[in-house]
Amino acid sequence: MLLIPCPWCGPREDDEFTFGGEADFPRPAEPEALTDEQWADYLFMRDNRRGRHREQWCHTAGCRRWFIVERDTVTNEILGAGTYGGSP
Amino acid sequence: MPSPIPRRSPLGEIQSAESPPPDGQLVERPFLTHLNLRLHPDDAEALAAVHQVIGVQLPLTPNTITAGGDVTAIWLGPDEWLLLAEHHQSDALVADLQDALASHFASVVDISAGQTVIRLRGPSTLDVLARGCALDLHPTVFPPGACAQTLLARAQALLVAVDDTPTFDIVVRRSFAPYVAAWLEDSGRQFGLHFPTSDTA
């Protein structure tokens, strides 16, 4: 079990959360200007890093806000959490 | 003119007592007004306008409530609150809030029909809840005035610590209510907890 620190509600069990994949993936401002390859890259390609990983979580069963968690994918240690715009 | 459809509370078939005992350990509080309110917490004017209408400040501290008068304001998110009030105020309260917030970026939605409140009270309360909830609800951690949205026996629920009897209000969706009610009776069986019925009331 992971204990995930929601920036608003504090540490809660991972049952309450939904995983949202890697963070820092802004949607391209002009998708129509991209090639198919660039668009597919945005849609599907992720780094799947080993070690420190910034990822998105949603506190689905709690305050229903999305936020960012930094987690070590090897040890599952949570290194920090923060809101969008703040630094985790 | 057709006769009006009688209203039914989500637990009307489980709690059949005409007038549940006011000090019951496990009762539904049916037909309350539930309003979902959203506005930006930095909008001081909107906060003041709401305060004017409901008589209490919206809680800005996560997972707390403010109570007083007829309305209880419960924190749901940084820009979202649940207002609980007596049922007869529903339309008037919505209209008053919409008037007060007309010039602000805000929304007021009447969700009274979508959820209900179960009140659990008495010395066994924490034991009953602990069987289905991972949160530490002990008063030193979760004092009266605290609230939390979490999972209770895997159902989404909003827990509100009302007083140190202890008394908890459990807000659940209408469709989950019979399940949560059955679970509470099961969890509370060793303490003799059950909803008041016309036989027992």
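The model is a predicted one, in which local features need pLDDT of at least 70 and side-chain atom pairs count only at pLDDT 80 or more, whereas totals for chains, interfaces and linings use all residues. Residues are numbered from 1 along each chain as its sequence is written, and chains are lettered from A, with ligands numbered from 1, in the order in which they are written.

Chain A contains one helix and six strands, where helices (H or I, at least four residues) and strands (E, at least two) are DSSP runs numbered from the N terminus. The order of these elements from the N terminus is β-β-β-α-β-β-β, and the C-alpha atoms of the chain fill a box of roughly 40 × 30 × 25 Å along the principal axes. Of its 88 residues, 17% are buried; a residue is called buried if 20 or more other C-beta atoms lie within 10 Å of its own, exposed if 12 or fewer do, and partly exposed in between, with C-beta atoms placed from the backbone.

Chain A and chain B meet through 10 residues from each chain, a contact between two residues being defined by C-beta atoms, placed from the backbone, that lie within 7 Å. On the side of chain B that touches chain A, strand 4 (71-77) and strand 8 (147-152) are the elements that give two or more residues, and strand 8 provides the largest share, three residues. This side of chain B is made up of five nonpolar, five polar and no charged residues; here Ala, Val, Leu, Ile, Met, Phe, Trp, Tyr, Cys and Pro count as nonpolar, Asp, Glu, Lys and Arg as charged, and the others, Gly among them, as polar.

Beyond its neighbours within four places in sequence, B:Val180 is in contact with several residues, including B:Ile118, B:Leu152 and B:Ile170.

In helix 1 (residues 44-54) of chain B, the buried residues are B:Ala46, B:Ala49, B:Val50 and B:Ile54. Seen down the helix axis, these fall within an arc of 115 degrees, so they line one face of the helix, the arc being that of the directions from the axis to the C-beta atoms. The face turned away from this buried side carries the exposed residues B:Ala44, B:Glu45, B:Ala48 and B:Gln52.

Strand 7 (residues 115-121) of chain B, with five of its seven residues buried, pairs in the antiparallel sense with strand 1 (residues 26-29) over four bridges and with strand 10 (residues 167-173) over seven bridges, pairing being assigned if DSSP finds at least two bridges between two strands. Within strand 7, B:Arg119 is the bridge partner of B:Val27, and the bridge partner of B:Arg119 in strand 10 is B:Asp169. Strand 8 of chain B has five of its six residues buried, so it is largely enclosed by the rest of the structure. Six bridges join strand 8 to the antiparallel strand 9 (residues 155-163) of chain B, and these two strands form a hairpin with two residues between them, where B:Ala153 in the turn has a positive phi of about 50 degrees.
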